[in-house]
Amino acid sequence: DKSIHRSIDILADQIQNEKVLPIIGYDLLFNEYDDKNDRDFLMRLIKLHAQREGHTLETDKKSGYELVNDYYHSLPDSDPDTFKSQLSKTIQDERINWNLIPESLRKIASIRHFKLFINATFTNAIELAINTYRAKGTNEDEIKESYSVLNYRASQPEDLPTAAPPLRNFRINFDKPIIYNLFGKHDIEPVDYVLTDSDYVELIFDL
């Protein structure tokens with residue numbers, strides 16, 4: 001179909017002219033697991049975490065996001081404060097068993113015209129993909145210097161100027177790939193990432 005080929009050509013041209021901005025959401029983590037019937041990253045994560053913590057989840061007809069909130073709001077008053085650090089530990093403990101760089105992210109990271117990647121998840125999967133399939137260098141320090149990572153944290157924004165516009169003097173070097181973690185990252189200490197419904201409300205207010 002000529003219209004399909006034309007659309008593909010237009011998209012390729014827009015990517016080459018840096019008019020397309022890749023936003024990494026949980027839907028791009030779908031092929032992270034061998035079980036093709038369990039593609040929801042959050043569902044897979046919270047089910048495994050609940051099992052580790054000795055909790056049971058009613059998963060019937062619920063999304064991973066709904067399960068996370070159900071689990072979070074079912075915790076005793078003293079537990080929600082440590083929930084994210086425990087969930088982060090679950091990810092790190094199971095890292096060896098998980099393919100944390102889905103094929104979709106490997107392909108996106110390999111497109112050299114993409115300079116800015118917006119990570120709308122709390123995992124560092126896109127950073128791992130950039131590090132493995134895009135970064136340059138002969139040693140670890142050079143590889144880390146070949147791309148930049150900016151973080152936005154819900155409770156304490158960082159890597160952004162605090163002065164109000166137009167007083168901001170904020171410049172970003174786009175000569176190398178940049179990953180902007182809009183929801184924070186699970187492997188940052190202290191753990192501060194957007195996960196629950198209340199986190200999203202706070203993030204929207206902060207933005």
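Me: What stands opposite Ile24 in strand 2?
Reply: Asn119 does. Strands here are DSSP runs of E with at least two residues, helices are runs of H or I with at least four, and both are numbered from the N terminus. This is a predicted model, in which local features need pLDDT of at least 70, side-chain atom pairs count only at pLDDT 80 or more, and totals for chains, interfaces and linings use all residues. Residues are numbered from 1 along each chain as its sequence is written, and side-chain values use heavy atoms, with hydrogens and water left out.

Me: In what sense do strand 1 and strand 2 pair, and over how many bridges?
Reply: They pair in the parallel sense, over two bridges. Strand 2 covers residues 116-119. Two strands count as paired if DSSP finds at least two bridges between them.

Me: What order do the strands have in the open sheet?
Reply: The order is 1-2-4-3, with four strands and parallel pairing. Strand 1 (23-24) and strand 3 (148-151) are the edge strands. Each of those pairs on one side only.

Me: Back to Asn119. Buried or exposed?
Reply: Asn119 is buried, at 1% relative accessible area. Buried means under 20%, exposed means over 50%, and partly exposed lies in between (1.4 Å probe, protein chains only).

Me: Which residues is Asn119 in contact with, leaving aside neighbours within four places in sequence?
Reply: Ile24, Ile126, Ile179, Tyr180, Asn181, Leu182 and Phe183. Contact means heavy atoms within 4.5 Å.

Me: And what does the side chain of Asn119 reach at 2.9 Å?
Reply: The backbone oxygen of Thr123.

Me: Switching to helix 5. Which of its residues are buried?
Reply: Ser104, Leu105, Ile108 and Ala109 are the buried residues of helix 5, which spans residues 103-110. They cover an arc of only 130 degrees around the axis, so they sit on the same side of helix 5. The arc is taken from the directions from the helix axis to the C-beta atoms.

Me: Why would residues three or four places apart point the same way?
Reply: An α-helix has 3.6 residues a turn, so residues at that spacing point the same way.

Me: What do the buried residues of helix 5 pack against?
Reply: Strand 1, strand 2 and helix 6 (125-133).

Me: Where is Ile130 found?
Reply: Ile130 is in helix 6. It counts as buried, at 0% relative accessibility. Not counting residues up to four places away in sequence, Ile130 touches Ala109, Phe117, Ala135, Tyr147 and Ile179.

Me: New topic. How do the axes of helix 3 and helix 8 cross?
Reply: They cross at roughly 105 degrees and come within 9 Å. Helix 3 is residues 64-74 and helix 8 is residues 197-206. The two are therefore roughly perpendicular to each other. Angles of 65 to 115 degrees count as that, under 35 as roughly parallel, over 145 as roughly antiparallel and the rest as oblique. Axes are lines fitted to C-alpha atoms, for helices over the stretch in contact, and angles run from 0 to 180 degrees between N-to-C directions.

Me: Which residues meet there?
Reply: Tyr65, Asn69, Tyr72 and His73 in helix 3 meet Asp197, Ser198 and Tyr200 in helix 8.

Me: How many helices and strands does the chain have?
Reply: Eight helices and four strands. Buried residues make up 40% of its 207 residues.

Key. A polar contact is a pair of N or O atoms within 3.5 Å; within protein, one must be able to donate a hydrogen and the other to accept it, and residues adjacent in sequence count only if both atoms are side-chain atoms.
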